[in-house]
Amino acid sequence: MSKPLKQIHLGAHFPGVNNTTVWSDPRAGSHIDFASFVHFARTAERAKFDLVFLAEGLRLREQHGRIHDLDVVGRPDTFTVLAALAAVTERVGLAGTINSTFNEPYEVARQFASLDHLSEGRAAWNVVTSWDAFTGENFRRGGYLPREQRYERARAFLETAHELFDSWHGDEIAADKQTGTFLRTPDAGRFAHHDAHFAISGRFNVPRGPQGRPVILQAGDSDEGREFAASSADAIFSRHPGLAEGQAFYRDVKGRLARHGRRRDDLKILPAATFVLGDTDADAEERARVVSRQQFGDRTTIAFLERVWNRDLSDHDPDGPLPTVDPTPDGTPLSQGRADRLAAEQALRTATQWRELADAQGLSSRELLIAVHGRHSFVGSPSTVARAINDLVQNDAADGVILAPHITPTGIDEFADTVVPLLQERGVFRTEYTGTTLRDHLDLPPAPRRTPPAQHAQPVPSPL
Amino acid sequence: MTENPAPPTHLHLAVALTDAGWHPAAWREPDARPDELFTAGYWADLVREAEHGLLDFVTIEDSLGTQSDHHRLPDDRTDRVRGRLDAVLIAARVSPLTTRVGLVPTAVVSHTEPFHLSKAIATLDYVSSGRAGVRVQLSSRPHEIALFGRRTPADVDLADFDSPAVQAYVAEGFAETADYVEVLRRLWDSWEDDAEIRDAATGRFIDRDKLHYINFRGRWFDVKGPSITPRPPQGQPPVTALVHAPVGHGLLARNADIGYITPHTTDEARATVDAVRALAAAEGYGGRPPHIFGDLVVFLDDTADRARARRDRLDTVAGTAYTSDTQIFTGTPAQLADLLQDRHRAGLSGFRLRPATLPHDLTAITRGLVPELQRRGVFRTAYTARTLRGHLGLPRPANRYAAA
C-alpha cells in the first residue's frame with residue numbers, strides 16, 4: 001500500500017524591507033497603504049492559504065552610519081495591520097513577528113489574545129529575539145540583553161505568555177443576566193510568574209481565545225533555535241527549501257519532538273521560499289535572471305560586499321571580480337540592523353569561500369552574490385513549481401512553504417491562479433477551508449491548557 | 001490644510017465606549033450583549049451606530065488590569081463585567097467597517113513603549129485613512145504595576161490627594177506622560193511626507209535626508225528614532241487626555257489636542273476652560289489652544305421620569321448607587337441638548353458622552369440627541385470631512401523636521 005499523500009500547507013509572506021522586494025518594477029505598489037495588505041490577504045484567502053505573514057523591524061538599517069536607502073524602507077505596525085485584516089478576511093490565518101526582547105510578556109500576550117478573539121481564532125505569533133544595543137536605542141529597556149541570553153529570555157518570555165493564556169480555562173464567563181453571574185469564578189486570570197527574567201503577578205484580563213492560545217511560529221536555525229521550536233512551537237519558519245538540506249533539517253527537528261512529549265505532527269516545518277513563474281521553464285529562467293538583476297543593482301551589490309568586507313568599497317566595479325583586499329572584520333560594523341550580521345563575523349572565511357566559488361565559475365561580484373544570496377527557491381512553469389513543492393513535502397523535506405514574493409502587493413497572484421489549482425488537482429492542497437481557525441488549517445491538535453509548574457502553584461513557604 | 005471647518009456655533013460630540021456601558025449593572029439590561037463583549041461584531045455595531053449619528057469620534061476605554069469597583073485595588077466581584085480586549089486592536093478591527101467616524105483607543109503610557117504605540121497609532125491612521133487618535137492614560141495602580149514588574153509602587157496615600165507628596169507624585173506622572181506624548185509626536189514627524197522617492201536612476205528608494213533621528217533624551221526615555229512607519233496620513237493623529245485636577249492642566253495646555261474634563265456644573269466647566277486657556281497663553285503655546293471636551297455620563301429616555309426610573313432600577317440591580325468622577329446626567333435628549341448648549345457657550349468645544357448602558361444610551365444619543373442638536377443648528381447634518389482632524393477643524397501639522 002502506498003503512503004497516503006501529505007497535505008501541503010501554504011503561507012504568504014508580505015514582501016519586506018530588503019533587496020529581494022523589487023520596488024522599481026512598474027507593478028510595485030505601496031508597502032504601507034492598507035489596500036496593499038487587503039489585496040495580499042484576500043488573494044491568499046481566495047487561494048485557501050493557511051496564513052499570511054508579516055515580519056517586523058524595530059530600527060531602520062544603516063550602512064556607513066547612515067540610513068540604508070536602496071531597499072524598501074518603512075512598514076506599519078504588525079498587530080494593527082493584522083487586526084484590521086481580520087475585518088476583511090474570514091478564514092486565512094494572521095501571523096505576525098513580535099520581538100520578545102523589546103516587549104513585556106503581559107502586553108504581548110494581551111495583544112495576541114485580543115487578536116485571536118477579534119479574528120475568531122486566526123492569530124499566530126512568530127517569536128523572535130534580538131539582543132543588539134542598536135535596536136535597543138529605541139526603547140526604554142535599551143540594549144542590555146547579552147546575546148547568549150536571547151533564547152533563555154525568549155523561552156522565559158514564551159513560558160510566561162503561555163501561563164497568561166492558560167490563566168483562563170475558557171468556561172469562566174457565564175454572562176447570566178438573570179442570576180447576575182458574569183464570572184463563574186472570582187479568580188479568572190490569576191497568575192504569578194517568577195524567574196530570572198520576569199517577576200510578575202496579578203490577573204490576565206483577556207479571557208481564553210478561540211484557539212486557546214495563538215499558534216506559535218518560530219524562526220531560527222541554530223541548535224538552540226531548533227530545540228526551542230521542538231519544545232514550544234507549533235510551526236517552524238525555516239530556511240531550507242532545498243530537498244536534501246530540507247530533509248536533514250526535517251529529520252533533526254522532528255526527531256527532537258519526542259523528548260518533549262510531542263508527536264511528529266505537532267510541529268509543522270515551513271521553509272521560507274521564493275519563486276519565479278513563467279509560461280515555460282525557459283521563460284521562467286529568463287524572468288528569474290531579470291528579477292535577480294533587479295534585486296542586485298550596482299549599489300546593492302556593493303552594499304552586500306561591504307557587509308562582509310566591513311570597509312568602504314564604493315569604487316568597486318560590481319561587474320568585475322571580487323575585491324582583492326582582505327576584509328577588515330574588526331572595528332565598528334559598517335552595516336547595522338540586519339539579521340545577517342553574523343556573516344560579517346566570519347568575514348575572512350566567507351570572503352575566501354566566495355573567491356573560490358567565483359574563480360571556479362568565473363563569476364563577477366554581482367553574479368557571485370546572485371549565486372549565493374539571490375537564488376530563487378522555485379523557478380519554472382506552474383507545473384514544474386507545483387511538482388517541486390509537492391516533492392519537497394511528500395519526501396519529508398517540509399510540511400509546506402511560506403512564500404515570499406518579490407512584488408508588493410500582487411506578487412502571489414500568479415501563484416494563486418496557476419500553481420494552487422495544480423496542487424489541488426493532485427489532491428495535495430485543500431479546495432475549501434475545512435475549519436475556521438488557523439490551528440484547524442495547520443491540522444494541529446487543540447492547544448492543551450498547561451498547568452503551571454508546581455513551584456508556581458504552591459504557596460511559598462514562610463521562613464517564620 | 002483644514003477640510004471645511006465646522007461653524008463656530010457647532011459643538012463636537014464623541015462617545016466613550018466601554019464594556020456594556022458605564023453603569024456596573026449595564027450588562028444585565030434586556031438589550032445588553034454581555035456574552036459578545038469579546039467579539040468584533042459587538043464593537044463594530046457600536047462604532048457603526050456612532051458613525052450613523054455623525055459623531056466626531058468614539059473613544060474605547062482600556063486598562064491593563066482587570067476592572068474593579070474599587071478605584072485603586074482589584075476586587076473579587078463576579079457580578080460585574082471583568083476582562084477586556086486591547087483597545088488599539090479593537091479600533092483597528094472596526095476601522096475597515098466604517099468610513100468617517102474617528103477612532104480613539106485608550107493606551108496606557110505608564111508601562112508601554114512610546115516607540116510601539118507611535119507606530120500602532122500611525123498604522124491605525126493608515127488603516128482608517130486618517131481617522132486615528134489616541135487617548136493617553138496614566139496607570140499607577142499597584143496591581144497593574146505588578147503585571148509588568150518593572151516599577152515600584154509609590155509610597156504615597158492617594159486618598160490624601162491634596163497633600164504635597166501626592167501632588168508631587170501625580171505631577172511626576174503627568175510629566176512622564178508629557179514626555180511620552182513628545183516622543184510620539186517626534187516619531188510621527190521623523191519621516192517627512194515626501195521621504196519615499198523611488199528614484200530608479202540612482203537606485204534610491206528613500207531620500208534619507210528626509211528621515212530624522214529624534215534623539216529624545218529625558219528622564220524616563222531615551223529614544224533614537226526614526227520611526228519604522230512613515231508619517232501617518234494626518235501627520236499627527238490627535239492626542240487626547242482626561243484630566244481631573246489642576247495638576248494636569250499643563251498636560252492639556254501643552255501636549256494634548258483634546259482634553260477631557262469632568263465638571264459638575266457650568267461654572268466649573270467655565271473655570272477649568274479659562275484656567276487651561278490661560279496656562280496655554282501664558283506659556284506661549286504656539287498653535288491653537290486645545291479642544292476642551294466635557295465628559296458626562298448619560299441616562300437618556302423619552303421622559304426624565306423614565307430615565308430616572310431606569311437609573312434607579314440599575315442601581316438596585318447593582319446593589320449600590322452609581323457614582324462617577326464626572327457629572328451624571330439623567331433626562332431627555334432635549335434636556336441634555338439644553339445643558340450642552342449652555343456649556344458650549346461657557347467655552348467647552350465639545351462633549352464626550354459616556355453611555356450608561358449600551359446600546360440604549362448610545363442610540364438615544366445618535367437617534368435622539370443628535371437630531372435635536374441638528375434642529376437647533378448646532379451639530380452637523382452630514383460629515384463634511386474625511387479625517388478626524390477634519391471633523392475637529394484641526395489643521396494638519398507642519399513637520400518640525402522639514403526644512404522651511
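## A buried leucine in a loop

L54(B) is buried, at a relative accessible area of 13%. Here "buried" means under 20% relative accessible area, "exposed" means over 50%, and "partly exposed" is anything in between (1.4 Å probe, protein chains only). You'll find L54(B) in the loop between α1 and β2 (57–60) of chain B. Helices (H or I, at least four residues) and strands (E, at least two) are DSSP runs, numbered from the N terminus. L54(B) isn't a glycine, yet its phi is positive, at about 65°.

A quick word on what you're looking at: this is a predicted model, where local features need pLDDT of at least 70 and side-chain atom pairs count only at pLDDT 80 or more, while totals for chains, interfaces and linings use all residues. Residues are numbered from 1 along each chain as its sequence is written, chains are lettered from A and ligands numbered from 1 in the order in which they are written, and side-chain values use heavy atoms, with hydrogens and water left out.

Most residues other than glycine have a negative phi, and most peptide bonds are trans. With that in mind, have a look at D19(B), which has a positive phi near 40° without being a glycine. D19(B) sits in the loop between β1 (12–17) and α1 (40–52) of chain B. Is D19(B) buried or exposed? With a relative accessible area of 12%, D19(B) is buried.

Now for the cis peptide bonds. In chain B, one runs from G225(B) to P226(B), with omega near -10°. P226(B) belongs to the loop between β8 (222–223) and β9 (239–242) of chain B. Over in chain A, T408(A) and P409(A) are joined by a cis peptide bond too, with omega about -10°. P409(A) is in the loop between β17 (400–403) and α14 (413–425) of chain A.

## Strands in chain A

Strands of a sheet pair through backbone hydrogen bonds, either parallel or antiparallel. For the pairs described here, the rule is that DSSP finds at least two bridges between the two strands. Take an open sheet of three strands in chain A: the order is β4-β3-β15, and the pairing is antiparallel. At the edges are β4 (66–67) and β15 (335–336) of chain A, each pairing on one side only. Strand β3 (residues 62–63) of chain A is joined to β4(A) by two bridges, in the antiparallel sense. Which residue of β4(A) stands opposite Q63(A)? That would be R66(A).

## Salt bridges

How many salt bridges are there over all chains? The count comes to 76, where a salt bridge is a side-chain nitrogen of Lys or Arg within 4 Å of a carboxyl oxygen of Asp or Glu. In chain B, R80(B) and D79(B) make one at 3.3 Å, N to O. R80(B) is buried, at 2% relative accessible area, while D79(B) is partly exposed at 22%.

R141(B) and E144(B) make another, at 3.6 Å from N to O. This time R141(B) is partly exposed, at 23%, and E144(B) is buried, at 2%. Then there's E372(B) with R375(B), whose closest N and O atoms are 2.9 Å apart. These two are three residues apart in helix α10 (residues 360–375) of chain B, so about one helical turn separates them. E372(B) is buried at 15%, whereas R375(B) is exposed at 63%.

Salt bridges can also link up into a network: E182(B), R186(B), D189(B), D193(B), R231(B), R396(B) and R400(B) are connected this way.

## A negative patch

Back in chain A, D279(A), D281(A), D283(A) and E285(A) form a patch of negative charge on the surface. For a charged patch, residues need over 30% relative accessible area and no salt bridge, and like charges are joined within 9 Å. E285(A) is part of helix α8 (residues 281–295) of chain A, and its 40% relative accessibility makes E285(A) partly exposed.

Key: Patch = residues over 30% accessible without salt bridge, like charges linked within 9 Å, V, L, I, M, F, W, Y side chains within 5 Å. Areas by Shrake-Rupley, 256 points an atom, 1.4 Å probe, with all protein chains shown as cover. Lys, Arg positive; Asp, Glu negative; His and termini not counted. Charge placed at Lys NZ, Arg CZ, Asp CG, Glu CD.
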